Amino acid sequence: MAKMTVITERCKGCGLCTAACPKKIVALQKEKRNKKGYFYAECTDQSACIGCAMCAMMCPDCAITVEK
Amino acid sequence: MAVVFERPKSLIDVPTHYCPGCTHGIVHRILCEVIDEMGIEGDTIGVCPVGCSVMAYDYFNCDMIEAAHGRAPAVATGVKRTNPDKFVFTYQGDGDLAAIGTAETVHVATRGENIVVIFINNTIYGMTGGQMAPTTLPNQVTQTTPFGRDPKLAGFPVRVCEMLSTLTGTAYAERVAVDSVPHIRDAKKAIRKAFENQKAGRGFSIVEVLSTCPTNWGLAPLDAIKRLQDEMIPYYPLGVYKDVTESVFDNVQGGNE
Amino acid sequence: MERNLMKGNEALAEAAIRAGCKCFFGYPITPQTELAAYMAKRMNKSGGVFLQAESEIAAINMVLGAASTGVRAMTSSSSPGISLKSEGVSYIAGSDLPAVIINVERGGPGLGGIQPSQADYWQATKALGHGDFQLLVYAPASVQEMVDYVVKAFDRADKYRMPAMILADGLLGQMMEPVTFPEINPDAYDKSGWAANGHKMQREHHIINSLYLKPDELENSIVERYKKYDIIKETETEAELYLTEDCDVLVCAFGATARVVKSAVNDARAQGIKAGLFRPKTLWPFPVKEINEAAKNAKALLSVEMSMGQMVDDIKLAINCSKPVHFFGRTGGVIPTPAEVLDEIKKIGGNL
């Protein structure tokens, strides 16, 4: 049981987290943007998250917290 | 559930001014993780000179000094010499460290100044909009090398770790990258080691971090990461260039003693 | 009090150490080298820091670093070296840091020469670096005054959180005279409210900075600094007035030149010409009130300098161009003689 949370308003939509995720369950929004206009990252399948925190380690904006 | 990953305490909880995908944020974070893990925020003074990271004083929660372009090693020397019990680091870009501040860089190292230099090498001047840096690769297009850097006109890139590792005062020189999670882990270990060196008084430590500049490279963030891996790492090999186990001043007899 | 016979450059160094200067960063240049050599001998042994930097640029930035942590710091150089330091001086001013800079002037421009000069008056008082700022500029005329003004420079730099300069010249630097050292309290000012020396997790982090990307914020910071300058202009001016009460010809000179002028004024008096001397001891702030007092009965003024007349404009502005201001100077390292100055006084006196 693990969970990654994106602080949506801190996300700049760079997508580095999407490539870092070994489970390929992090993706950029294709429709919704945050207030700054970025397509933010989100977890597409929380049940598959293993809490490895690789997405968070790759995030340049400390926009991801991970719980396990 | 327990939190397994969150922002380090010494990194102030504000959005940064860095572009999307810029790896400054990663380096800031791992530096602050080291500061937190060593419990030294209250005893650390950072020096950030001109460059994209000049405003890092808004992000690092330790005491901070903004320095002129290239002068951070001199400023840090003034801080460290008068506060030898404090941890002092500089955070410098490639134009700053290897062009306008080359003299300061070489001499802070050869003096064995007991400080940590974090050197961000992204092969370009970011803040001024993408001009040729001393580390710009041959044939790399920048605003001031519009047809690609021609070494016959603009010289060759500077390999900083290799150069500084020839100096006796350098205790530790390692080149790392922040293109992947394993490399980020290595980078953090290197920064930790540099600070441990300072704690032990071993001499000058530099960690060169291969970084990206998606905006001025004209690449999407993930493509920029790929360029770092495919073009930068072959030219700037990762690894430890110097690592003394004791102090660089061991067996030195000084006139003041 | 104990009197010591000391060379000007060495007296500057000893006074700085006694004033609580904890570190000296410098780079060799004639004619101030004895100062650094003296520091090298004394500083590390008295618990301070002497460091020969790789350049003047590095030296002034080391001063900036040390000053940022609340430590009394200084550097010294001579004219060409001061030009190199100007970047750092501007950053020190922009960061509201106290620091002391000594310029033992030599002739310029370019590499110039190594003989005494006062041709850095403009640089010191108008443009020692980019941007809107001033530094306190003291112009001693004896070895004793060099001691006294080093002490004052450290004090006022701390008081106002700004750079202060001793504008000396090769003549004063190389001259030997007896001096006494005053009692000094180097810890008169509390710097804990701004110094970046590690917050120990007990306060907000301190930032030493001169960058303001928003124009209104930069403007506000400068306007605040200029309010401080207004107070300094009101309270910190100093000058010597010698035989000015009844003088027809008021001769204006600072530093070593004023010593030559004083002889010429005495000679003129002996010949029946009512000459007087106005000697600014602070060049910035310029002693406006004092020169107007000195010039109240004068019919003409004469500025004598070891330059092509860099102080003349300040004199004219100070007296609002109310009287003719003449100039006599030697430059390039040539020291004017009392006889030359007397001739000029006689020329002006004879035409009144």
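Visitor: Let me start with two helices. How do H2(B) and H4(B) lie relative to each other?
Guide: Keep in mind that this is a predicted model. Helix H2 (residues 72-82) of chain B and helix H4 (residues 102-110) of chain B pack at an angle of about 40 degrees, and therefore the two count as oblique to each other. Their axes are 8 Å apart.

Visitor: Which residues meet there?
Guide: From H2(B) you have B:Pro73, B:Ala74 and B:Thr77, and they meet B:Glu104, B:Thr105 and B:Val108 of H4(B). Sorted by class, that contact has three nonpolar, two polar and one charged residues.

Visitor: OK, let's switch to chains. Which pair of chains shares the most contacts?
Guide: Two pairs of chains are in contact, and B with C shares the most. On that interface, 37 residues of chain C touch 31 residues of chain B.

Visitor: Which element of chain C gives the most to that side?
Guide: That's H3(C), with nine residues. Other elements giving two or more residues include strand E2 (23-26) and helix H4 (79-94) of chain C. The side of chain C that touches chain B divides into 19 nonpolar, 14 polar and four charged residues.

Visitor: What joins strand E3 of chain B to E9(C)?
Guide: Two bridges, with strand E3 (residues 63-67) of chain B and E9(C) running parallel. Look for B:Met64, which stands opposite C:Ile207 in E9(C).

Visitor: And how far apart are chain A and chain C?
Guide: Those two do not touch, and their nearest C-alpha atoms are 21 Å apart. Chain A does meet chain B, with 24 residues of chain A in contact with 24 residues of chain B.

Visitor: What does the chain A side of that contact consist of, by class?
Guide: The side of chain A that touches chain B has 14 nonpolar, four polar and six charged residues. Its largest share, four residues, comes from H2(A). The elements that give two or more residues are H1, helix H2 (54-58) and E4 of chain A.

Visitor: E4 of chain A, then. Which sheet is that strand in?
Guide: An open sheet of three strands, in the order E1(A)-E4(A)-E1(B), with antiparallel pairing. From one strand to the next, the twist averages 30 degrees.

Visitor: Why do the strands at the edges have one side without a neighbour in the sheet?
Guide: Strand E1 (3-6) of chain A and strand E1 (3-5) of chain B each have a single partner strand, so one side of each is left without a neighbour in the sheet.

Visitor: How many bridges are there between E1(A) and E4(A)?
Guide: Four, in the antiparallel sense, between E1(A) and strand E4 (residues 64-67) of chain A. A:Val6 has A:Ile64 as its bridge partner, and A:Lys3 stands opposite A:Glu67.

Visitor: How about E4(A) with E1(B): how many bridges there?
Guide: Two, again antiparallel. A:Glu67 has B:Val3 as its bridge partner, while A:Val66 stands opposite B:Phe5.

Visitor: Which side chains of E4(A) are buried?
Guide: A:Ile64 and A:Val66, which point to one face.

Visitor: New topic: which residues touch the most other members of the largest nonpolar core?
Guide: A:Cys55, B:Ile118, C:Val150 and C:Val251, in a core of 218 residues. Helix H6 (residues 143-160) of chain C gives the most to this core, with 10 residues.

Visitor: What does C:Val150 touch?
Guide: Not counting residues up to four places away in sequence, C:Val150 touches C:Leu12, C:Ala15, C:Ala16, C:Ala19, C:Val100 and C:Ile166.

Visitor: Last one: is A:Glu9 buried or exposed?
Guide: Exposed, because A:Glu9 has 12 C-beta neighbours inside 10 Å, and 12 or fewer counts as exposed. You'll find A:Glu9 in the loop between E1 and helix H1 (16-20) of chain A.

Visitor: What is A:Glu9 in contact with?
Guide: Leaving aside neighbours within four places in sequence, A:Glu9 is in contact with A:Asn34 and A:Lys35. A:Glu9 and A:Lys35 are 26 residues apart in sequence, and 6.7 Å apart in space, C-alpha to C-alpha.

Terms used:
Residues numbered from 1 in each chain as written. Chains lettered and ligands numbered in written order. Predicted model: local features only at pLDDT ≥ 70, side-chain atom pairs only at ≥ 80, totals over all residues. Axes fitted to C-alpha atoms, helices over the stretch in contact; angles between N-to-C directions. Parallel < 35°, antiparallel > 145°, perpendicular 65-115°, else oblique. Contact = placed C-beta atoms within 7 Å. Nonpolar A, V, L, I, M, F, W, Y, C, P; charged D, E, K, R; others polar. Pairing = 2+ DSSP bridges. Core = buried A, V, L, I, M, F, W, Y, C linked by C-beta atoms within 7 Å. Buried ≥ 20, exposed ≤ 12 C-beta atoms within 10 Å, placed from the backbone.
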